[in-house]
Each structure stands twice: as C-alpha cells, then as structure tokens.
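Here are my notes on this one, as numbered points. Have the structure open while you read.

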Amino acid sequence: MDCTVKSEKWLNSRLQMLGCSSVKEVTLNKCKVPVKEELASSLHAALSIIYQLNNQIRRITEESEELQEKLDESLEASVSVNQASSETLVLQKKLLDSQETVVRLQGELLECKDEQLRAVTSSVKSSVQETVKEEFRSYSQVVKSGQQEQTPVTPANIVSVVKKVVEEEDRSRNVMVFGLVEEKNED
C-alpha cells in the first residue's frame with residue numbers, strides 16, 4: 001500500500017478517535033483525552049509513516065536531480081547543435097562566396113585568354129601576310145634564281161667523273177650525264 005494512502009487512513013482513524021471530522025477541529029484538550037498506550041501506538045504509526053514518506057521524498061528528490069542533470073545535458077547538447085548549425089550556415093555562406101569568386105575569376109581568365117588569342121591570331125596573320133609579300137615570287141623568278149652556271153660537258157669532264165667513281169671502287173653508283181645527245185647505237 002502507498003504511504004500516502006496509509007497516512008490518510010491513519011489520519012482519519014486518529015481524527016475519529018479524537019471525535020473530529022477534520023484537522024482544523026483538533027485542539028490540545030482533545031489530544032489529552034486518549035490514554036498513554038493509544039498515544040504511543042499513534043506516535044509509533046506516525047513515525048513509521050513519516051519515515052516512509054521521507055524515503056519517498058528522498059527518492060523523488062534524487063530522481064528529480066538526475067532528471068535535472070539529464071535536462072541540463074540535453075540543453076547543452078541543444079545549444080551545441082544550434083551553435084554547430086549556425087557555424088555550418090556561416091561556412092556554407094563562405095563556401096558559396098568562394099565559389100562565386102572562383103566563377104568570376106574563371107570568367108576574367110577566359111576573357112584574358114580570348115584577348116591573348118585574338119592578339120596572337122592578329123600577330124600571326126600579319127606576320128604571315130608580310131612573309132608572303134616578301135617571299136612571294138613568280139615561277140620564272142624562282143627558275144632564274146635557281147639556275148647555276150653549268151659547266152660544259154666535255155669529254156675531259158666525263159673522264160674525270162668516271163675516274164673518281166673507279167677510284168672509290170663503288171660499282172653501285174651510276175653515272176648519268178645530262179645534256180648530251182643520244183646516239184642510235186648506245187644502250
């Protein structure tokens with residue numbers, strides 16, 4: 001049985017013994033009427049109930065303190081989570097700002113590269129045009145400039161070339177003489 005129920009029963013029985021219907025009716029004179037044995041028994045019962053109630057109060061107080069500690073820990077954790085959340089938001093904003101900066105700088109880099117490409121293209125174009133103007137010659141100009149003075153083909157020149165080939169003993173070389181007229185009996 002619960003201590004509160006026991007204490008309530010005990011209180012009601014003592015009020016009846018004293019002839020009272022509530023605690024407000026109890027007076028010092030009414031308490032003097034019961035005999036010593038009844039008072040000792042009532043005192044013993046009251047002390048027992050007070051001891052049990054005291055134990056319940058102690059247990060409730062300890063549980064309350066434990067719950068308060070858990071609540072404090074939960075609040076601290078909640079504060080930490082809120083701080084971490086706000087720090088995360090700050091870091092996300094910084095990340096977005098950094099990404100925007102990277103995109104902007106990449107755009108500027110692309111513009112610079114485009115300018116460099118246009119400058120190089122223009123430079124190459126003008127350089128090629130100048131080179132073409134300087135080096136462009138007609139076929140007849142090339143033929144005229146490419147002609148060297150030819151030594152006349154004489155039998156002495158042919159003999160010297162053949163001697164050179166024979167001296168080296170390189171039979172894999174062929175001698176071709178340009179500008180001579182072929183005769184019918186030559187193979």
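Predicted model: local features only at pLDDT ≥ 70, side-chain atom pairs only at ≥ 80, totals over all residues.

1. A word on terms before the helix names start: helices here are DSSP runs of H or I with at least four residues, and they are numbered from the N terminus.

2. The average pLDDT over the chain is 80, and 81% of the residues score at least 70. Helix by helix, H3 has the highest mean pLDDT, at 87, while helix H4 (residues 139-146) has the lowest, at 65. I'd read the points on H3 with those values in mind.

3. On the overall fold, there are five helices and zero strands. Going along the sequence, that reads as α-α-α-α-α.

4. Val 128 itself has a relative accessible area of 47%, so it is partly exposed. Patch members need over 30% relative accessible area, and Val 128, at 47%, therefore passes that cut-off.

5. Now the charged pairs. How many salt bridges does a search of the whole structure find? It finds three. As background, side chains of opposite charge can pair when their charged atoms come close. The cut-off used is a side-chain nitrogen of Lys or Arg within 4 Å of a carboxyl oxygen of Asp or Glu.

6. One of the salt bridges joins Arg 59 to Glu 63, with the closest N and O atoms 3.5 Å apart. Why do these two sit about one helical turn from each other? Because they are four residues apart in helix H3. Arg 59 is partly exposed, at a relative accessible area of 42%, and Glu 63 also counts as partly exposed, at 39%.

7. Another salt bridge pairs Lys 93 with Asp 97, and here the closest N and O atoms are 3.5 Å apart. Both residues lie in helix H3, again with a spacing of four residues, or about one turn of the helix. Lys 93 is exposed, with a relative accessible area of 52%, whereas Asp 97 is partly exposed at 34%. The cut-off for exposed is over 50%, so Lys 93 makes it into that class.

8. Then there is Glu 108 with Arg 104, where the closest N and O atoms are 3.2 Å apart. This pair is in helix H3 too, four residues apart, about one turn of the helix. Glu 108 has a relative accessible area of 37% and is partly exposed. Arg 104, at 47%, counts as partly exposed as well.

9. Last, please look at the second largest pocket, which has a volume of about 180 Å³. Its lining is made of twelve residues, and those nearest the pocket centre are Trp 10, Arg 14, Leu 18, Val 26 and Cys 31. Which elements give two or more residues to that lining? They are helix H1 (3-18) and H3. H1 gives the most, with six residues.

Notes
Residues numbered from 1 in each chain as written. Heavy atoms only, no water. Buried < 20%, exposed > 50% of the residue type's maximum accessible area, 1.4 Å probe, protein only. pLDDT = per-residue confidence, 0-100. 1 Å grid on protein atoms, 1.4 Å probe; cavity = no way out; pocket = protein on both sides within 12 Å on 5 of 7 lines; lining within 4 Å. Points joined across faces, edges and corners; volume = space filled by probe spheres on them.
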